[in-house]
Every structure is written in C-alpha cells, then in structure tokens.
Amino acid sequence: MLLKQFTVDKHDGRGPQVRPADVHFPERSNKLKSTRACGWADNFIAYNSASAEHLWNCVESRAPAAFKAVDVARRSLTPCMWRPCAT
C-alpha cells in the first residue's frame, strides 16, 4: 500500500511501477519495477514477528491520512520551494 503512492503507470500492461532510488548514487537511473519486486526482504523480522506485524498495521492504517496531508501541503508550495532540504 505504501509503495503504491509512488508508482507510475506506463500503460503497457505491467501495472503500477516504482522507480527505485539509490541514495548513495542519486544520479543513477534505475529501471522501473513492480511494487511486488520492491520493499521486501525474506525473513526481515525473524524475532517476534506477530507484534512487529501489529505495529506495521498501525503505521500502514494511518498512512493514507499522512499522504493526503503531504499532498495538500505540496499544492500550497511554489515549485522553487520543492528543493531538497540541506543536510
């Protein structure tokens, strides 16, 4: 659900696609991937996975409201305000 917020649809029959980003090499252009191919790892949480799943469900159920708030705030910004924050 979370990755779907960042997908594009190429209308080629493959469905929504995500463009992975490499934070260490931001200039690198990666190929589009399905949401199923991104954002997961085998046995990511091997200990107490039931409580981790419950916590993740709490986060995921609140995500739509958070994304909506971001979209509303983004519409109030002018393009020159879209620059990345300084680190």
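Residues are numbered from 1 along each chain as its sequence is written. In this predicted model, local features require pLDDT of at least 70 and side-chain atom pairs count only at pLDDT 80 or more, whereas totals for chains, interfaces and linings use all residues, and side-chain values rest on heavy atoms, with hydrogens and water left out.

The strands form an open sheet in the order S1-S2-S3 with antiparallel pairing, two strands being paired if DSSP finds at least two bridges between them. Strand S1 (8-9) and strand S3 (33-34) are the edge strands, each pairing on one side only. Between S1 and strand S2 (residues 16-18), the antiparallel pairing extends over two bridges, and Asp 9 stands opposite Pro 16 in S2.

Helix H1 (residues 49-75) comprises 27 residues and reaches 38 Å from its first C-alpha to its last, close to the 39 Å expected at 1.5 Å a residue, the expected span being 1.5 Å times one less than the number of residues. At Ala 63, shortly before the proline Pro 64, H1 has a kink of about 40 degrees, the bend being the angle between axes fitted to the seven residues ending there and the seven starting there.

Of the 87 residues of the protein, 7% count as buried (under 20% relative accessible area, with exposed meaning over 50% and partly exposed in between; 1.4 Å probe, protein chains only). Val 59, located in helix H1, is partly exposed, with a relative accessible area of 40%.

Note on methods:
Helices (H or I, at least four residues) and strands (E, at least two) are DSSP runs, numbered from the N terminus.
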